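Please read it alongside the sequence and the coordinates.

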Amino acid sequence: MDVQNQSGIQTLVLPSKKFKTVRIDVHFLKYATIKDLAQRSLIANILDTSTKKYPDQVRFTHALSEMFGASFGGGAAKKGNMHDVAFSMVVANDKYIKHQNLIQDAIRFLNEVIVHPLADGKQFDEETFQRQKQNMLNYVKSATEDKQYWSAQQLRKLTFGQTVVQGIPSYGLVEDLENLKNAETYRAYLNMLKNDLVHISVSGDVNQEEIEEDLKIFELDERQFDLKPLITHFDAREKAIVKAEHQDVRQARLNLSFNIPADMTGENFFTAVVFNALFGGSPQSKLFVNVREKASLAYYASSSLDLYDGILNIQTGINGGNHDAAMQIIQQQLQDMQNGLFTESELANIKKGLQSDYLSGMDLQRTAHRRGLNDYLLNRHWSTEEWLTQINAVSKKDIEQLAQQIKIRAEYFLSGE
């Protein structure tokens, strides 16, 4: 259960003897504007490379090696209409190491990274700022060479438009990144440190009271934060937005998005999860079996859910000349779902797969932390038994009714022909 030890700072401790390591995650969360995205993503990159105490990569890495090869990482992502700057450490459990409190060492290291960056109080170290800014620009520009990723981003623009954060990658716009100034970015960092919602989670074979005491090492002040809904509903369109592009590619991409009447907290959540696994989210799905395997119309074909925004996405890699045939068979799979043309046996197998995946995820610390953060942000708290029961309760009729309300929203086609 999340505990608010200080205003605006949430703590989640997950004691478990099945984990041999201790994981600590720290999230800084803000309802973001488009301009925030590039700035905050660059801040994440700057903070996870150097600090005042560890001003270069050699000393930074050496500090980790002194904690018996502890792993550390930082980055930025989006959760619905929120932007998340996060840092994570994994260390061996103190029980296996004599004469060293690795948990406290890890918290001190994270505190150093987050609170004491290589800066002079007015801006970040200029060399570090420029290097990390260029690294980000190089990464963003190189991402255009990954046509699967590129196509997904183009579909995102069509699905949401470019006036809301949902339509923009988590790293923001290239032009915003190019125009970032050091002092301005440093002020954004100070704002993040002072005003963001902070969520800290710790898992492992630990004592909750001892961990809560150890977490006082963090030099983070109380703050006021009004936690609002993360869910955004986008009205269905009368007509889908369609865009086709030609580039020098061997494999064409046909990507589609649909409005689906479900979200992370609504009554259709579990129906949507089962629907997606049956439709295109698993190796037993209709898209995989019928579009890829039987018809051989796609190198890959799958679907995924964005239930923060009520969107179903389809991703395919096809031969450029197969656009119409692929589109027709994809539409047929959706119609089959709407008409209940799937067996109870297929449905039962899909449910078993989902339940097995959920239980397997409980053995992964990263998954446990992600679920804990989502539950807090969404104000929902399902036990394992509740989750498995709700999945099992989804009926064939539930899926038919959900499928009948799914409406196409956007189509992006990238072809070399």
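## Salt bridges

Glu 213 forms a salt bridge with Lys 216, with 3.1 Å between the closest N and O atoms. A salt bridge here is a side-chain nitrogen of Lys or Arg within 4 Å of a carboxyl oxygen of Asp or Glu. Glu 213 is partly exposed at 47% relative accessibility, and Lys 216 is exposed at 60%. Buried means under 20% relative accessible area, exposed over 50%, and partly exposed in between, with a 1.4 Å probe and protein chains only. Side chains of opposite charge can pair when their charged atoms come close. The count by this rule is 13 salt bridges.

Two others are described here. Arg 23 is bridged to Asp 25, the closest N and O atoms being 3.1 Å apart. Arg 23 is buried, with a relative accessible area of 15%, and Asp 25 is buried at 6%. Arg 108 forms a salt bridge with Asp 105 at a closest N and O separation of 3.6 Å. Both Arg 108 and Asp 105 lie in helix H3 (residues 102-115), 3 residues apart, which is about one turn of the helix. An α-helix has 3.6 residues a turn, so residues three or four places apart point the same way. Arg 108 is partly exposed with a relative accessible area of 43%, and Asp 105 is partly exposed at 24%.

## Basis of the model

This is a predicted model, in which local features need pLDDT of at least 70, side-chain atom pairs count only at pLDDT 80 or more, and totals for chains, interfaces and linings use all residues. Residues are numbered from 1 along each chain as its sequence is written, and side-chain values use heavy atoms, with hydrogens and water left out.

Helices (H or I, at least four residues) and strands (E, at least two) are DSSP runs, numbered from the N terminus.

## Helix H7

Helix H7 (residues 182-195) has 14 residues, which at 1.5 Å a residue should span 20 Å; the end C-alpha atoms are 20 Å apart, in agreement. The expected span is 1.5 Å times one less than the number of residues. The buried residues of H7 are Asn 182, Thr 185, Tyr 186, Ala 188, Tyr 189, Met 192 and Leu 193. They cover an arc of only 155° around the axis, which places them on the same side of H7. The arc is taken from the directions from the helix axis to the C-beta atoms.

Arg 187 and Lys 194 are exposed on the other side of H7. The cover over the buried residues of H7 includes strand E3 (21-31), helix H1 (34-47), strand E5 (82-92), H3 and helix H4 (126-143).

## Leu 197

Leu 197 lies in strand E6 (residues 197-204) and is buried at 3% relative accessibility. Apart from neighbours within four places in sequence, Leu 197 is in contact (heavy atoms within 4.5 Å) with Gly 8, Gln 10, His 27, Phe 28, Leu 29, Met 82, Phe 225, Leu 227, Tyr 376 and Leu 377. The C-alpha atoms of Leu 197 and Leu 297, which are 100 residues apart along the chain, are separated by 47 Å.

## The five-stranded sheet

An open sheet is formed by 5 strands in the order E7-E11-E8-E10-E9, with mixed pairing. Strand E7 (241-246) and strand E9 (300-306) are the edge strands, each pairing on one side only. The twist from one strand to the next averages 15°. Two strands pair if DSSP finds at least two bridges between them. E9 and strand E10 (residues 311-318) pair in the antiparallel sense over 7 bridges, and Ser 303 stands opposite Ile 314 in E10.

Helix H5 (residues 147-160) packs on the sheet and touches E7, strand E8 (252-259), E9, E10 and strand E11 (407-415); the direction of H5 makes about 145° with that of E11. Helix H11 (residues 323-338) also packs on the sheet, touching E8, E10 and E11, and its direction makes about 30° with that of E8. Axes are lines fitted to C-alpha atoms, for helices over the stretch in contact, and angles run from 0 to 180 degrees between N-to-C directions.

## Positive phi angles

Most residues other than glycine have a negative phi, and most peptide bonds are trans. Phe 68, which is not a glycine, has a positive phi near 55°. Phe 68 lies in the loop between helix H2 (57-65) and strand E4 (71-79) and is exposed at 52% relative accessibility.

Asn 379, also not a glycine, has a positive phi of about 55°. Asn 379 is in the loop between helix H13 (365-378) and helix H14 (384-393), and at 65% relative accessibility Asn 379 is exposed.
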